Amino acid sequence: MKQESLFNYNNSAKPLAACLRPQSLDEFVGQTHLLGPGKILRRLIDSDQVSSMIFWGPPGVGKTTLAQIIANKTRASFINFSAVVSGIKEIRAVMQQAEQNHRFGERTIVFVDEIHRFNKAQQDAFLPFVEGGSIILIGATTENPSFEVNNALLSRSKVFVLQPLTVEELCEILRRALRDPRGFGGQKIKITDDLLKIIAEFANGDARTAISTLEMVILNSEVGVDGTIEVSKTILEQCISRKSLLYDKNCEEHYNIISALHKSMRNSDPDAAIYWLARMLEAGEDPLYIARRVTRFASEDVGLADPRALEIAIAAYQACHFIGMPECSVHLTQAVVYMSLAPKSNALYVGYLRAQKDATEHLAEPVPMIIRNAPTKLMKELNYGKGYQYAHDAEEKLTNMQCLPDSLVGREYYQPTDQGAEAKYKVRLEQIKAWKEKRSQQ
């Protein structure tokens, strides 16, 4: 049916991203995990059988576009509603219209953009109409609906998680903008694939940002005598307010620079570590990727020499997740400096490698009977758990019970160093081994 809206605006004033908005699923790019052949959301839209749902994802990934595609395809009355400029009065007006449609046997789909901006009372106003079948509610949010959408409303809705668009998907969208008559299809524009890729990487998964950046770059480029607009790298760098650094998140330089960061921290060089961190962030690297690598470093290269390193790394990851760039750059700086100055030990990493080798070469080693569980009578009769020694019953909280398979008795995987706090664990481990050795000779 014809789409209705409480907030229409002059189409001539639409930004380019709105003009290029896909009108069908065939034009839609991305979210293949939901819209690929046979996927649930695709089936629901194609069959016009949508139920109440929440689209959750970052900006510019297609939440509003999907709602408009549903509006174009559905036989239901479709009402577009914005939580940014609406209140209880507007909700009541929409619900009255939906109730009237319902009395005449007509379905009403209400799309609420940025539903997380509604408070509890405003969200509650929808609930009886969703429960009574007067409306099908589709909400869009950039915030976690578990925290921002009422539980009662959430339990009656299917949540679909939309992912940031990949660089390849954004490049496809940019190429379409260049050839689409609604975009730059009627103009002669020369721009290399490399520059399109830089724009896509700069957009960081956001199609709206990618298209707006392309528009700004083209509008600021020089027009040749034949009417051709040629986009240069210089103009692009000026428009995005930063140089395209020698960095490609999918090729060798990406791995070279993350390696440089890792090795600078390992070499206790905080200045170099900060520099390589800045190189990645200013080139558009995902801060969560860096935070994950720092977390790995905390155990691989610091380990028990400073157990707080892992806490700092996890805290930095959470901070990056909460606030994103550019604010989270300082949290990552704190983490890489801490890792650089922390005492170093790779004993955990080396210990696991030793255990990994034995684990893969001795795959068939049986678990010693003494440490097997015996939940059934038969297993007890087969001596599962026979002779098990419960360490908490011992005065020293230690036993000399054998826990390794027979063929691996005596293997030592964790060999602590004298660095930092690990020196204390080394002393403790030596005490434990000495105690067990003494008991085994008695």
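A nonpolar core here is a set of buried Ala, Val, Leu, Ile, Met, Phe, Trp, Tyr and Cys residues joined through side-chain atoms within 4.5 Å, where buried means under 20% relative accessible area, exposed over 50% and partly exposed in between (1.4 Å probe, protein chains only). The model is predicted, so to speak of local features takes pLDDT of at least 70, and side-chain atom pairs count only at pLDDT 80 or more, while totals for chains, interfaces and linings use all residues. Residues are numbered from 1 along each chain as its sequence is written, and side-chain values use heavy atoms, with hydrogens and water left out.

The largest such core has 32 residues, and Leu170, Ile191 and Leu214 have the most contacts inside it. (Helices are DSSP runs of H or I, at least four residues, and strands are E runs of at least two, numbered from the N terminus.) Another core, of 27 residues, lies apart from it, with Ile258 and Tyr289 among them.

Now the rings. A whole-structure search turns up 3 aromatic pairs (Phe, Tyr or Trp rings, the six-membered one for Trp, with centres within 6.5 Å; planes under 30 degrees apart are stacked, over 60 edge-to-face, the rest tilted). Two of them:

| Pair | Centre to centre | Plane angle | Type |
|---|---|---|---|
| Phe55 and Phe160 | 6.3 Å | 50° | tilted |
| Tyr275 and Trp276 | 4.8 Å | 70° | edge-to-face |

Phe55 sits in strand β2 and Phe160 in strand β6, so their pair ties together parts 105 residues apart in sequence. Both Phe55 and Phe160 are buried.
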